[in-house]
Amino acid sequence: LTAYTGAAHRAHVVSAKAGLDGLTKALGVELSPRGITVNLVSPGLIDTVRGKSSTVVPEHHKQRTTLLGRRGKPEEVASMVRYLAGPKARYVTGQTIHVNGGVFLP
């Protein structure tokens, strides 16, 4: 999410995430002649427990709300990954799929 919206004091994270979007597009073009699809799942605010080394919730997480009024569940992100890895998504490539409850609408 922050790759598209930005976040204060997180330039290193925002840059890395934005780079994944470009890498996805480039690999989608490069690998498509071989029938290989490449996609990126970009989760938003997901209800997970942060690791012990990360005791502070980032400010941008506190300030955001979703259109659905709740955080996502890990299994909702996993469902998108499962779809993209399956045969029904063979015509989807070079895409960033946002699973974020409407907090970011590209």
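Which side chains meet in a salt bridge at 3.3 Å, N to O? They are those of Lys25 and Asp21, and we will come back to them below.

## Getting started

This is a predicted model, in which local features need pLDDT of at least 70, side-chain atom pairs count only at pLDDT 80 or more, and totals for chains, interfaces and linings use all residues. Residues are numbered from 1 along each chain as its sequence is written, and side-chain values use heavy atoms, with hydrogens and water left out.

## The overall layout

The protein chain has four helices and two strands, arranged along the sequence in the pattern α-α-β-α-α-β. Helices (H or I, at least four residues) and strands (E, at least two) are DSSP runs, numbered from the N terminus.

Of the 106 residues in the protein chain, 29% are buried. Here, buried means under 20% relative accessible area, exposed means over 50%, and partly exposed lies in between (1.4 Å probe, protein chains only). The accessible surface of the protein chain is about 7,300 Å², and carbon and sulfur atoms hold 59% of it; such areas come from the Shrake-Rupley method with a 1.4 Å probe, and for residues only the protein chains shown count as cover. Among the contacts with a separation of 6 or more, 68% are between residues 24 or more positions apart, where contact means heavy atoms within 4.5 Å.

## Two salt bridges

Searching the whole structure turns up two salt bridges, each being a side-chain nitrogen of Lys or Arg within 4 Å of a carboxyl oxygen of Asp or Glu. Back to our opening pair: Lys25 and Asp21 both sit in helix α2 (residues 11–31), four residues apart, or about one turn of the helix. Lys25 is partly exposed because its relative accessible area is 41%, whereas Asp21, at 15%, counts as buried.

The other bridge joins Glu76 and Arg70, whose closest N and O atoms are 2.7 Å apart. Glu76 has 30% relative accessibility, so it counts as partly exposed. Arg70 is also partly exposed, at 37%.

## An aromatic pair and a buried serine

The whole structure holds one aromatic pair. Tyr4 and Phe104 are stacked, 5.3 Å centre to centre with 20° between the planes. The pair links distant parts of the chain, 100 residues apart: Tyr4 is in helix α1 (residues 2–5) and Phe104 in the segment after β2 (95–99). For these terms, rings of Phe, Tyr and Trp (its six-membered ring) pair if their centres lie within 6.5 Å; planes under 30 degrees apart count as stacked, over 60 as edge-to-face and the rest as tilted. Tyr4 is partly exposed at 29% relative accessibility, while Phe104 is buried at 16%.

Apart from neighbours within four places in sequence, Ser42 is in contact with Leu1, Tyr4, Thr96, Ile97, His98 and Val99. Is Ser42 buried or exposed? Ser42 is buried, because its relative accessible area is 9%.

## Two exposed residues

His9 belongs to the loop between α1 and α2. Although His9 is not a glycine, its phi is positive, at about 65°. With a relative accessibility of 80%, His9 counts as exposed.

Ala85 lies in helix α4 (residues 74–85) and is exposed, with a relative accessible area of 68%. Its C-alpha atom is separated by 9.6 Å from that of Val38, which is 47 residues away along the chain.
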